[in-house]
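Morning, everyone. Please have a look at the model on the screen, and then I'll walk you through it.

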Amino acid sequence: LLRHRLHIVGEVQLAVHHCLMALPGVRKEFLTRVISHPQGLAQCEHTLTKLGLNVAREAVDDTAGAAEFIATNSIRDTAAIASARAAEIYGLEILEDGIQDDASNVTRFVMLAREPIIPRTDRPFKTSIVFAHEKGTCVLFKVLSAFAFRNISLTKIESRPNHNVPIRLVDEANVGTAKHFEYMFYIDFEASMAEARAQNALAEVQEFTSFLRVLGSYPMDMTSWSPSSSTNSSSSSSSSSTFSL
């Protein structure tokens, strides 16, 4: 999002429901490999072990692509981790249903657009921001206080190093390659940018930061869900307009 001028305009939360699938007639004991998106493999690791499958795990670009690869190439020693819908589309047989380790796992997807939407106050909104700060003490505390003081709830906070902005080398003699980096902080909070409290909070945050950008202010996904109600959901969808967080 920092490399492109795109805006978050919505979010969707989907319950994760994975299936183990292979070509029709393939038996689990003859499998030598399981392929899927890295997240799909990680989300099913314990279940695969419990099933007693002595197979190699191989990461591919996405879950549906794993199913398509097996079907297109008629590979009989390999299974895919994907959604039940992928098995239906590519004619694969589901060997095990619901193999995700955590039945309550949910993946959040955000919708991106070239133009932002106009924030409103007639329904719950969420706002995503990213900021950086130079060396200093208690900056993060001050930023969080700006939201707490206005009773704005945070739903996410994540830090990532900005590798393009080294702060200092490891030692004073400039020896070595390891560096300390400025960190970028990503925050989601429950408020619309149409609200005065959100505007005032960001005005205060800007006083403590060297960089601040609003990634989007958009309607919250209020859809209720249960582990048994989303059997066709997968944690790794491919779309030009969605991005998982």
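**A walk through the model**

Let's start at Ala203, which counts as partly exposed because its relative accessibility is 42%. The scale runs like this: buried means under 20% relative accessible area, exposed means over 50%, and partly exposed lies in between, with a 1.4 Å probe and protein chains only. Ala203 sits in helix H6.

A word on ground rules. This is a predicted model, in which local features need pLDDT of at least 70, side-chain atom pairs count only at pLDDT 80 or more, and totals for chains, interfaces and linings use all residues. Numbering starts from 1 along each chain as its sequence is written, and side-chain values use heavy atoms, leaving out hydrogens and water.

How confident is the predictor? pLDDT is its confidence in each residue, from 0 to 100. The protein averages a pLDDT of 86, and 82% of the residues score at least 70. Residues 228–242 are below 50, and this stretch has 35 contacts in the model beyond near neighbours in sequence. Contact here means heavy atoms within 4.5 Å. Where pLDDT is low, the predicted coordinates should not be read in detail.

Now the overall picture. The protein has six helices and 12 strands. These are DSSP runs, numbered from the N terminus: helices are H or I with at least four residues, strands are E with at least two. Of the 245 residues, 40% are buried. The accessible surface comes to about 13,600 Å², and 51% of that belongs to carbon and sulfur atoms. Those areas come from the Shrake-Rupley method with a 1.4 Å probe, and for residues only the protein chains shown count as cover. Take the contacts between residues at least 6 apart in sequence: 80% of them join residues at least 24 apart.

Back to H6. This helix covers residues 196–208, which is 13 residues. From first C-alpha to last, H6 reaches 19 Å, close to the 18 Å expected at 1.5 Å a residue. The expected span is 1.5 Å times one less than the number of residues. Which residues of H6 are buried? Ala198, Ala201, Leu202 and Val205. They cover an arc of only 95° around the axis, so they are on the same side of H6. The arc is that of the directions from the helix axis to the C-beta atoms. On the other side of H6, Gln206 and Glu207 are exposed.

Next, helix H5, residues 139–148. Its buried residues are Val139, Val143, Ala146 and Phe147. Their arc is only 95° around the axis, which puts them on the same side of H5. Phe141 and Ala148 are exposed on the other side of H5.

Follow the chain into the loop between H5 and strand E9 (154–169), and you find Asn151. Asn151 has a positive phi of about 60°, although it is not a glycine. With a relative accessible area of 64%, Asn151 is exposed. Ser74 also has a positive phi, near 50°, and is a residue other than glycine. Ser74 lies in the loop between H3 and E5.

That brings us to H3, where Thr63, Ala66, Ala67 and Ile70 are buried. Seen down the axis, they fall within an arc of 95°, so they line one face of H3. What covers them includes E2, E3, E5 and H4. Ala64 is in H3 too, a helix of residues 63–73. At 30% relative accessibility, Ala64 is partly exposed. Leaving out residues up to four places away in sequence, Ala64 touches Ala82, Ala86 and Tyr90.

Last, the cores. A nonpolar core is a set of buried Ala, Val, Leu, Ile, Met, Phe, Trp, Tyr and Cys residues joined through side-chain atoms within 4.5 Å. The largest has 27 residues, and those with the most contacts inside it are Leu20, Met21, Val34, Leu48, Ile81 and Leu92. Elements giving two or more residues to this core are strand E2 (19–22), strand E3 (33–36), H3, strand E5 (78–82) and helix H4 (84–90). A second, separate core has 16 residues, including Ile129, Val139, Ile152 and Leu202. As for Leu92, its contacts beyond four places in sequence include Met21, Ala67, Ile70 and Ala87.

Terms used
pLDDT is the predictor's confidence in each residue, from 0 to 100.
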